[in-house]
Amino acid sequence: MLKSPLQVARGKYVPKMPKILQGPVKLVEGDKTQSVADKEDIKRLFNNTYGMPILSLLPASKEKSYPAIKVAVVLSGGQAPGGHNVISGLYDGLKRCNLANRLYGFLGGPLGMVDNQIVELTEDMVYHYRNTGGFDIIGSGRIKLEEESQYDKVIENCKKININALVIIGGDDSNTNAAVLAEYFLKKKSGIQVIGVPKTIDGDLKNEVVETPFGFDTACKVYSGLIGNIQRDANSSKKYFHFIRLMGRSASHIALECALQTQPNIAIISEEVEQKNMSLDDVVKYITDIIMRRSIQGNNFGTVIIPEGLVEFIPAMKKLILELNDVLAKVKDKIDLIEGNRERRELVAKELSPESAEVFDSLPYSFANDLIIDRDPHGNVLVSKIETEKLLLDMVTLRIKEKKKAGDFKGKFSAQPHFFGYEGRCASPSNFDADYCYTLGFTASILISEGKTGYIASVKNMIKPAEEWLPGGAPITMMMNMEKRQGIMKPVIRKTLVDLKGKPFIELKEMRETWAMNTMYIYPGPIQYFGPPEVCDYSTQTLVLEKS
């Protein structure tokens, strides 16, 4: 296998670990827990795993002897930098607990557990993936197991080779699945444990016991490096406004973190837009105002940060999309027979409420056409494919033209759209994520060896050097509440949105006017893997502000 010089050098990197994990450890139980909401419902659904205590790992006087076990790991959901190091830490931790322990990997995500697509992960195989990005060691998938017949199939397949435990590496949905499987396996007396590991570049799987999901740090550093490059270009040529959309459909953590790292002229936060009940037109006016004020200073350039999920946080747009889903299902056959886009738009507009029809008519024609044409197999609008940066750019351009025509704007305006998403999902993990993921995997191996199930591996005290981190475990049920999914109330891990009263957002709020009217760009540059700790090992601004 050919490797780049960086791959070769990263393969030799030894992840830093908490001192606690470098010697004998013991598990100490803390307070018993409750779910974040809907306590009675969650307790009823998770009768065997509800109310379990928080677990801490502490130094022990001597090594404990553990029986040999077989463990299987699955990568679930979208990729995030560091997944391979979770597996590396899990492998090494299992071998330290008992050299006879064996690790397997289900291929292609959760569906591999049902189809029994499994491979043993050997020392040689794991070695080649240490400190690398991606999930390609065993692949991933987004299938969610929801039927008892699927759960039974997982039990059957695990029993074939005597698997004692599953480790599910994923985000909120995947770890919800881990909690459901842990409960079901106990109910069926299968003898199979389940441990979760918190992953998502979006940053929305965090709480009092999970300070940050893995992958968020690396992804934000990748995006911030790219934003810095664009800002350097903008400040050099001084002729473009760059509209930059960043991943993060359900929350704006990435947009907020990248803004704190790069100090753009404009940073939109979806949660703030929703709280202020802003319309799409309000957002356009806000951006246009800053562009015009910068132009008066002679600065006809700048950067605009836009979260991927913005459209769904604008109340009027959210209502429009919900109505469109119903309307498109109702008039699907008629729309399919119409060739002209204008006729399609007119047909749809007649079926909408007056308020939504007004919003729909205000959209650029190309965008309105996309809302009608791009639909998923169920007939719903494909929100994830909405190019919000282009929508805002088009609407701002139109407003600038109107201002010019009225004599209110005499400057120049040119813009470029960008979307940064997949660029950050499989990057080589930063030192922070490499260390964090290895620690998570190692912690999971101890939780399994101690016979625990229904827990998520956690690490705290993470603004300190890695040697001072505090590993442990938390019951997944403590993070759960009831939410409506496809018309049915289901138990799920509650997503954590940007806290508008939290320190990271307050920092942005206090500085945004200064950043808007001044060119104060920061250029983070590419991720650094070798050098002084202050250059290579720092964590996100979000984590530092939240925990300092």
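Thr132 is buried, at 16% relative accessible area, where buried means under 20%, exposed over 50% and partly exposed in between (1.4 Å probe, protein chains only). The model is predicted, so local features need pLDDT of at least 70 and side-chain atom pairs count only at pLDDT 80 or more, while totals for chains, interfaces and linings use all residues. Residues are numbered from 1 along each chain as its sequence is written, and side-chain values use heavy atoms, with hydrogens and water left out.

Thr132 lies in the loop between helix H5 (123–127) and strand S6 (140–141); helices (H or I, at least four residues) and strands (E, at least two) are DSSP runs, numbered from the N terminus. Neighbours within four places in sequence aside, Thr132 is in contact with His84, Asn85 and Pro429, contact being heavy atoms within 4.5 Å.

Aromatic rings form another topic. Rings of Phe, Tyr and Trp (its six-membered ring) pair if their centres lie within 6.5 Å; planes under 30 degrees apart are stacked, over 60 edge-to-face and the rest tilted.

| Pair | Centre distance | Plane angle | Type |
|---|---|---|---|
| Phe241 and Phe413 | 5.9 Å | 35° | tilted |
| Tyr436 and Trp469 | 6.3 Å | 85° | edge-to-face |

Tyr436, in helix H19 (residues 431–449), and Trp469, in the loop between strand S13 (455–460) and strand S14 (470–475), are 33 residues apart. Tyr436 is buried, with a relative accessible area of 1%, and Trp469 is buried at 3%. Phe432, Tyr436 and Trp469 form one aromatic cluster. Phe241 and Phe413 are likewise buried.
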